[in-house]
Amino acid sequence: MNVEAARKTFASAVQATEHFDVLIVGAGISGIGSAYHLTKQLPGTSFVILETQETFGGTWWTHKYPGIRSDSDLHTFGYSFKPWVGPPIATAAEILSYMGEVIEENDLAKHIRYKHRILKANWSSKTNLWTIEAERTDSGEPVKITANFLWMCQGYYRHSEGFTPEWEGMADFEGRIAHPQAWPDDIELDGKQVVVIGSGATAATLIPNIADTCAHVTMLQRSPTFFRLGRNAIELAEELRRLQVKEEWIHEIVRRKILFEQDAFTRRCLAEPEQVKKELIGQIAAVLGPDYDVGTHFTPRYRPWRQRIAFVPDADLFHSVKDGKASVVTDEIERFVENGILLKSGRTLPADIIVTATGFNLSILGDIAFVIDGEPLDFADTVTYRGMMFTGIPNMAWVFGYFRASWTLRTDLVAEFVIRLLSHMKKKGVRKVMPALRPEDHNMPLLSWIDPENFNPNYLMRDMHRLPRRGDKPEWQHSQDYWAEKDQFPAIDLDDKAFVYS
Ligand SMILES: Cc1cc2nc3c(=O)[nH]c(=O)nc-3n(C[C@H](O)[C@H](O)[C@H](O)COP(=O)(O)OP(=O)(O)OC[C@H]3O[C@@H](n4cnc5c(N)ncnc54)[C@H](O)[C@@H]3O)c2cc1C
């Protein structure tokens, strides 16, 4: 059933409405982490998690392509409260198992309702409640729930389909086209010529994991990407384990070490980008040898850290290239042809299978239609309060993690803020909170949500006009800076005039 049809079915259905203090959207790593903090820090709060998919995991359930793994370490991508005991770069299966343990150990399963897709969120200032309209994805049955507070943990991209550009001649191609986000169960790679379009973390993961099976795999990129190479192990963790230090301590110590080093690395990227660039490319050149054209294929045109830098454990991608099982072509697509891809250079890349590792479709607020007191919400009309709340949207917080550090670090910080806010509202005896520009903010220039000079991945650039705006003061910016926010968030004055209570 499409979203519009489902909304109509919903409207005609009459049924009882359940109520919860908090409704969490999504059972990915953010939703489960937020639920954990809520149960520990505000016990007694009634809440429900609604999740479209049939189980928890979000990103780690959706993606099933060969080799699917994290590109940041699990000491910081994992939760602060649950030690990560495996190698730092983890497979999706390992992350799902870790999340499953968190759910079990904290008795969270009873709060989660799977196969519930939220279609509409309707705020009423008369009742100070959100009314959530959802549908059961198995039966189409409409579900209606009211909640005081909406905790948006829906991630940032549409899980149902990835982004595939339209290339001329796609229909002429006689082979198979697959997107990594919807990896087909029945795809036969044995002895096939495979072209992977893209050079981000997904391509870098997929290629070494299929290179042994295919006849050959080619990474076709328009322009190169930065990578970091290293062993999939943390020496300090290994040493502490040898010393039989408790896993809780190892987790905390290794987190601190990683965060310290990431901070230093980020600063170096800003202070001496050319030197960092040389070092990153030097790591690749050291694997591929002096005869490889690193200048053409692995020398990006942008500064390090303007896009996320994927970590390549044990340099597996580069070993596949060195062994001749994979190769890299840096060129542009002219059109698809019957037997492959015709490039702008005039060369044809033969292919039996083309994998479009071309990214995501941004999903703004989980594709939920928001209505505030009868008016449809245009998210682009709002101004972000530190990337967590928005002017004109009451009783709602949004979890959007870090790009340059692990996403989950921000899940923990936002959770701490939301819990403080909910407790503050209880103490004040108020039922509504909404960020609003203060008198001193009214002449503030309003800019795009993220500064493209600072960070500019394509999926954000394509949809920047649909996202909230930012001002020129820290309160009204989404800084993407963990090292600033970890001190700023706990110090936020909840009685600041930026919060309007009633
Ligand atoms: C392949 C891949 C690898 C990545 N690796 C890393 C990494 O190593 N490190 C890192 O920091 N980040 C990584 N990221 C970014 C990653 O998406 C986040 O780090 C993190 O997993 C996001 O978690 P989340 O819970 O916020 O969102 P998601 O994982 O996207 O989960 C959101 C959930 O909300 C549900 N949902 C959405 N809308 C609705 C609705 N309307 N109704 C009901 N349910 C809804 C979805 O079904 C989904 O299950 C990666 C992303 C991808 C795609």
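Mentor: We begin with Ser-80: leaving out residues up to four places away in sequence, Ser-80 touches His-251, Arg-255 and Asp-412. Please keep in mind that the model is predicted.

Trainee: What makes these residues contacts of Ser-80?
Mentor: Contact means heavy atoms within 4.5 Å. His-251, Arg-255 and Asp-412 are in contact with Ser-80 on that basis.

Trainee: Where does Ser-80 lie, and why is Ser-80 called partly exposed?
Mentor: Ser-80 belongs to the loop between helix H4 (74-77) and H5. Its relative accessibility is 30%. Buried means under 20% and exposed means over 50%, with partly exposed in between, so Ser-80 counts as partly exposed.

Trainee: Why is Tyr-98 called buried?
Mentor: Tyr-98 has a relative accessibility of 4%. The cut-off for buried is under 20%, and therefore Tyr-98 counts as buried. Tyr-98 lies in helix H5.

Trainee: Which residues does Tyr-98 contact, neighbours within four places in sequence aside?
Mentor: Tyr-98 is in contact with Gly-78, Tyr-79, Lys-82, Pro-83 and Trp-84. Gly-140, 42 residues from Tyr-98 along the chain, has its C-alpha atom 31 Å from that of Tyr-98.

Trainee: Is Ala-215 buried, partly exposed or exposed, and how do you know?
Mentor: Ala-215 has a relative accessible area of 44%. Ala-215 is found in the loop between helix H6 (201-210) and strand E9 (216-221).

Trainee: What makes the backbone of Asp-107 worth a remark?
Mentor: Asp-107 is not a glycine, although its phi is positive, at about 55°. Asp-107 sits in the loop between helix H5 (92-105) and strand E3 (112-113). With 45% relative accessibility, Asp-107 counts as partly exposed.

Trainee: How do you know whether Arg-386 is buried or exposed?
Mentor: Its relative accessible area is 11%. Buried means under 20%, so Arg-386 is buried. Arg-386 also has a positive phi, of about 50°, although it is not a glycine. Its place is in the loop between strand E19 (384-385) and strand E20 (389-390).

**Paired strands**

Trainee: How do you know that E4 and E5 pair?
Mentor: A pair needs at least two bridges. Strand E4 (residues 116-124) and strand E5 (residues 129-136) are joined by 8 bridges, so they pair, and they run antiparallel. Ser-124 stands opposite Leu-129 in E5. The two strands form a hairpin with 4 residues between them, and Asn-128 in the turn has a positive phi of about 55°.

Trainee: Which other strand is joined to E4?
Mentor: E4 is also joined to strand E17 (residues 369-372), by 4 bridges, and these strands run parallel. Here Lys-120 stands opposite Ala-369.

Trainee: Which strands are joined to E1?
Mentor: Strand E1 (residues 18-25) runs parallel to strand E6 (residues 142-152), with 7 bridges between them. Phe-20 has Ala-147 in E6 as its bridge partner. E1 also runs parallel to strand E2 (residues 47-50), with 4 bridges, and Val-22 stands opposite Phe-47.

**The whole protein**

Trainee: Why does the radius of gyration agree with a compact globule?
Mentor: For 502 residues, a compact globule would have a radius of gyration near 23 Å; the protein has 24 Å, which agrees. Its C-alpha trace spans about 70 × 55 × 50 Å along the principal axes.

Trainee: How much of the protein is buried?
Mentor: Buried residues make up 55% of the 502 residues. The protein has 14 helices and 23 strands.

Terms used: Residues numbered from 1 in each chain as written. Predicted model: local features only at pLDDT ≥ 70, side-chain atom pairs only at ≥ 80, totals over all residues. Heavy atoms only, no water. Rg over C-alpha atoms; globule rule 2.2 N^0.38 Å. Buried < 20%, exposed > 50% of the residue type's maximum accessible area, 1.4 Å probe, protein only.
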